[in-house]
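Let's take a walk through this one together. Have the sequence and the 3D view open, and we'll go helix by helix.

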Amino acid sequence: PASPDRAGAVTTWRFAIRHLKKATEGKVDANTVNFINQVSDDTDAFAAQMSEDNFPVVVGNNRQVFNALYSWLTSQPQPNLDPSDASLPNPLRGQLCGPSSCYEKVA
């Protein structure tokens, strides 16, 4: 099911893919880097001009890149985070970002 807050969902995907790019830098092959960059660029373009029709495509592409890298991601060291730490961005506390920031309080 799609999030009723599409802007918050897209901000969350942008946060995730930006950090995925940093995490994979120098650690994955060129094809994977290109795949991540393409999904990132497409997500940024969608965020600049959102449309109901393209939302499922953008979300699907983001899911695809994270699913493809799931094993690699879960094999990396995991930080010990406190989900009640309000100084952390929303995704690190198990929440979606707000429409314009991952530090916005969302209901």
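Start where H2 passes H3: the crossing is left-handed, a label used when the near helix is turned anticlockwise from the far one by less than a right angle (clockwise would be right-handed). Before going on, a word on what you're looking at: this is a predicted model, where local features need pLDDT of at least 70, side-chain atom pairs count only at pLDDT 80 or more, and totals for chains, interfaces and linings use all residues. Residues are numbered from 1 along each chain as its sequence is written, and side-chain values use heavy atoms, with hydrogens and water left out.

Helices here are DSSP runs (H or I, at least four residues), numbered from the N terminus. H2 covers residues 30-48 and H3 residues 55-68; their axes come within 10 Å and cross at roughly 155°. That makes H2 roughly antiparallel to H3. Axes are lines fitted to C-alpha atoms over the stretch in contact, with angles from 0 to 180 degrees between N-to-C directions; under 35 degrees counts as roughly parallel, over 145 as roughly antiparallel, 65 to 115 as roughly perpendicular and the rest as oblique.

Which residues of H2 meet H3? They are Phe 35, Ile 36, Val 39, Asp 42, Thr 43 and Phe 46, and on the H3 side you'll find, among them, Phe 55, Val 58 and Val 65. Contact means heavy atoms within 4.5 Å. By class, this H2-H3 contact has eight nonpolar, four polar and one charged residues (Ala, Val, Leu, Ile, Met, Phe, Trp, Tyr, Cys and Pro count as nonpolar, Asp, Glu, Lys and Arg as charged, and the others, Gly among them, as polar).

Now bring in H1, residues 6-24, whose axis comes within 11 Å of that of H3, crossing at roughly 30°. That makes H1 roughly parallel to H3. Trp 13 and Ile 17 are among the H1 residues in this contact, and Phe 66 is one of those from H3. The residues of the H1-H3 contact divide into 10 nonpolar, one polar and two charged.

H1 also packs against H2, at about 155° with axes 10 Å apart, so the pair is roughly antiparallel.

Finally, look for the cysteines. How many disulfides does a search of the whole structure find? It finds one, where a disulfide is a pair of cysteine sulfur atoms within 2.5 Å. Cys 97 and Cys 102 form it, with sulfur atoms 1.9 Å apart. The torsion about their S-S bond is about 85°, so the disulfide is right-handed. Both Cys 97 and Cys 102 are buried (under 20% relative accessible area, with exposed over 50% and partly exposed in between, using a 1.4 Å probe and protein chains only).

Key. Helix = DSSP H or I, 4+ residues; strand = E, 2+ residues; numbered from the N terminus.
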